[in-house]
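Me: I would like to learn how to read strands, sheets and backbone angles from a model. Where do we begin?

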Amino acid sequence: MTAVVVGGGLAGLVAGYRLAQAGRRVTVLEASTRLGGLIAPIEIGGVAVDAGAEAYAVRGGVVRELCEELGLPVAAPLGCPHIWRPDGVWPMAEGVLGIPASLEDPALDALDPQDRARVARDLDLPAEVGAEATTLGDLVLARMGEGALRTLVTPVARGVYSLEPGRMPLASFAPGLREALAREGSLLRAVAAVRRPGAAAVEQPVGGMFRLIDALAARITGLGGEIRCTSPAVDVHRAGTGFAVSLQDGGSVRGERLVLAGPSASACGLLAKLGVDLAPTPTQPAHLAVLGLNHPGLAAEPVGSGLLVGERDDSVHAKALTHYSVKWPWSRRPGQEIVRLSYPETYIPSRADALADAARFLRLPLTDGDVTGFAAVSWEEMPTRMEHATRDFYLEAAAGVGVDVVGAWIDGNGIASVVAGSRRVLK
């Protein structure tokens, strides 16, 4: 039995690996020169670090299980993340999406006394308050008030997911939290129940997320599969009981199973060739800057593992900073620290921008002479979130012509969502 997977990002490689395990002879077609999609390494001062996705969510365990299966050691990040404001830096709440699990959490020091007292009221409110909330924003507002929502939760929602809390369904972003509220009687205790303080919410394969891509590719070829880069699919049609995929170079590949694992525009374009008319979903750009720095002040880890911007300040352009070599210490080398900065979709940073923002965030007098390496990275087609009903409609339409569709645009951004969604190919 044969299978063709169009797209060599994470979704396509997981799908290809699972099909190869099931005894299929798999061909993975990737349009670009490299595998991995939004997971990619970049070299800074002789060290390979992640230029795209850098970690996966521990929740659900699907990615850790995959890494263990592939023989990849994993580890949680080190250091404490922070929230930055022009007047200071505070630790991020050790809880769920910026919601604290305890009144002793140092993150509450960022609140004024009135807002802190409002958070404490959560312990005395009836469990019914917020029980009908459907979004993160609605729940926090009902249980802890506007101050906690604005100061503790909104920076995390914006910085990590580029969303407002009111647009983050609890079922997707904090599954089980509302049920825990009903059991525990307060949001503080519910957060403590679903996220034990001290337990990391994310992990990384030791050495970088890109190690996962290398391991998947090696397993596919080891199981007799074929991976072709620079092989964009331009057409597809029925061929007997299977499919024939035409390539840009004039060749074609046949398979009894077809998995579309490329971006929305590519997948919808190929589905149209089979008579399925679906509109490509919107995308947005994302811009990063990665700096190698050699400055003695960085040894003190001034912002722990990094920070999110919690309040607008026109003196900085970045919306977040990760002290990558603190967070992931295997990337640390003598004489060099790695810092990643993320920027709004409308802003492409220069080296000078990144250095100035890093100096402001870290409160260090960084100069160009401290830079050991620099790279600006742009991802032009980051998927936006799809509503559940729309997702189901797209999946049913593709299944109607016998095609599997996987990937971040259909299953949601995040490594865990993509890996979980890719398991559909075995059903």
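Reply: Begin with the terms: helices (H or I, at least four residues) and strands (E, at least two) are DSSP runs, numbered from the N terminus. This is a predicted model, in which local features need pLDDT of at least 70, side-chain atom pairs count only at pLDDT 80 or more, and totals for chains, interfaces and linings use all residues. Residues are numbered from 1 along each chain as its sequence is written, and side-chain values use heavy atoms, with hydrogens and water left out.

Me: Where is arginine 363 found?

Reply: Arginine 363 sits in the loop between helix 12 (351-362) and strand 19 (371-383). Its phi is near 55°, a positive value in a residue other than glycine.

Me: What is phi of glutamate 301, and why does this residue count as partly exposed?

Reply: Phi of glutamate 301 is near 50°, again positive in a non-glycine residue. Buried means under 20% relative accessible area, exposed over 50%, and partly exposed in between (1.4 Å probe, protein chains only). Glutamate 301 counts as partly exposed because its relative accessibility is 32%. The loop that holds glutamate 301 runs between strand 15 (283-293) and strand 16 (306-309).

Me: In what order do the five strands form the open sheet?

Reply: Two strands pair if DSSP finds at least two bridges between them. Here the order is 10-2-1-14-20, with parallel pairing. Strand 10 (226-228) and strand 20 (403-405) are the edge strands, each pairing on one side only.

Me: Which residue is the bridge partner of alanine 3 in strand 14?

Reply: That partner is arginine 257. Strand 1 (residues 2-6) and strand 14 (residues 257-260) pair in the parallel sense over four bridges.
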